[in-house]
Amino acid sequence: MAPTMHRVIFLGPPGVGKGTQAASLSKELGVPHLSTGDLLRVAVAARTPLGLEAQGHMDAGRLVPDDLVLRILRDRLAAPDAAVGFLLDGFPRNLAQAQRLEEISPVESVLSFELPAHLLIERLSGRRVCPKCLTVYNIATRPPKSPGRCDLDGAELIQRPDDQPAAITTRLAVYAEQTAPLLGYYRRKGLLQTVDAHGSPNEVAGRVRTALR
Ligand code: AMP
């Protein structure tokens, strides 16, 4: 019998908690967590030509051109661990990307995480990230054990350039204009389920599991 495929998309505005949920669910399902934002940040840190081209768009909170993102995603999807499925976090971000993804791979479910804008802003401005292992903290709701340091490797936590107020405003507008239309797109395909993202990561994780059951 063929193994069950888990090809899942996490949709939702920046700050809604997709990355946190994807990190724990990917371990449970045994499929890789593919965050195009993380893949791009690695390219930026490594100063690859693609990273250098992406950086200005990212720091300002705008979308990186589709062709660059597609290139990085295609390479990642070709890795052997993605043969059993994947959990896509932050892709697709517009209709053209959704159509390109369809040419690459089918998906079984799309979960859309929902939270009011004032709570998104609160989560984004409190977010701190470990530059080494990419673990995400929040100074209000998920602080590290020792202030400013990663629990796992002791690295000094940073605030993402795009978590500054001006970039947050741009990212929320970009989501509303370019990404939100994907909700209708996947609803019409019968793939969409919504998840209430209020509450603790554990509470949201419970709703995610119920939705995917
Ligand atoms: P994220 O970590 O998902 O919030 O992504 C951070 C930034 O990376 C975004 O604001 C975009 O500049 C860029 N990015 C990530 N994923 C995509 C995508 N699918 N399409 C275009 N840009 C992306």
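**A guided reading of the predicted model**

By the grid rule used here, the count comes to 1 cavity of 30 Å³ or more. A cavity is, on a 1 Å grid over the protein atoms alone, a set of points where a 1.4 Å probe fits but cannot get out, and its lining residues have an atom within 4 Å of a point. Grid points are joined across faces, edges and corners, and a volume is the space filled by probe spheres set on the points. The structure is a predicted model, in which local features need pLDDT of at least 70, side-chain atom pairs count only at pLDDT 80 or more, and totals for chains, interfaces and linings use all residues. Residues are numbered from 1 along each chain as its sequence is written, and side-chain values use heavy atoms, with hydrogens and water left out.

The largest cavity holds about 40 Å³ of space. Its lining consists of Ile-9, Phe-10, Leu-11, Gly-12, Lys-18, Gly-90, Phe-91, Pro-92, Arg-93 and Thr-179. Strand 1 gives the most to this lining, with 3 residues. Helices (H or I, at least four residues) and strands (E, at least two) are DSSP runs, numbered from the N terminus. Among the lining residues are Phe-91 and Pro-92, and the peptide bond from Phe-91 to Pro-92 is cis, with omega near 0°. Pro-92 lies in the loop between strand 3 and helix 5 (95–104).

Buried means under 20% relative accessible area, exposed over 50%, and partly exposed in between (1.4 Å probe, protein chains only). Both faces of strand 3 are covered, with Gly-85, Leu-87 and Asp-89 on one side and Phe-86 and Leu-88 on the other. Strand 3 pairs in the parallel sense with strand 1 (residues 6–11) over 5 bridges, and His-6 stands opposite Gly-85. It also pairs in the parallel sense with strand 2 (residues 33–35), over 3 bridges, where Leu-34 stands opposite Leu-88. Two strands pair if DSSP finds at least two bridges between them.

Beyond the loop that holds Pro-92 comes helix 5, in which Gln-97, Ala-98 and Leu-101 are buried. Seen down the axis of helix 5, these buried residues fall within an arc of 100°, so they line one face of the helix. The arc is that of the directions from the helix axis to the C-beta atoms. An α-helix has 3.6 residues a turn, so residues three or four places apart point the same way. What covers the buried residues of helix 5 includes strand 1, helix 4 (66–77), strand 3 and helix 8 (181–188), where contact means heavy atoms within 4.5 Å.

Helix 9 (residues 201–212) has Val-204, Ala-205, Val-208, Arg-209 and Ala-211 buried. Seen down the axis of helix 9, its buried residues fall within an arc of 160°, so they line one face of the helix. Their cover includes strand 1, helix 1 (18–29), strand 4 (109–114) and strand 7 (192–196).

Two loop residues remain to be considered. Arg-47, in the loop between helix 2 (36–45) and helix 3 (49–60), has phi near 55°, a positive value in a residue other than glycine. At 56% relative accessibility, Arg-47 counts as exposed. Leu-134, in the loop between strand 5 (127–129) and strand 6 (136–138), has phi near 70°, also positive in a residue other than glycine. Leu-134 counts as partly exposed, at 31% relative accessibility.

How values were computed. On a 1 Å grid over the protein atoms alone, a cavity is a set of points where a 1.4 Å probe fits but cannot get out, and a pocket is an open set with protein on both sides within 12 Å along at least five of seven lines; lining residues have an atom within 4 Å of a point.
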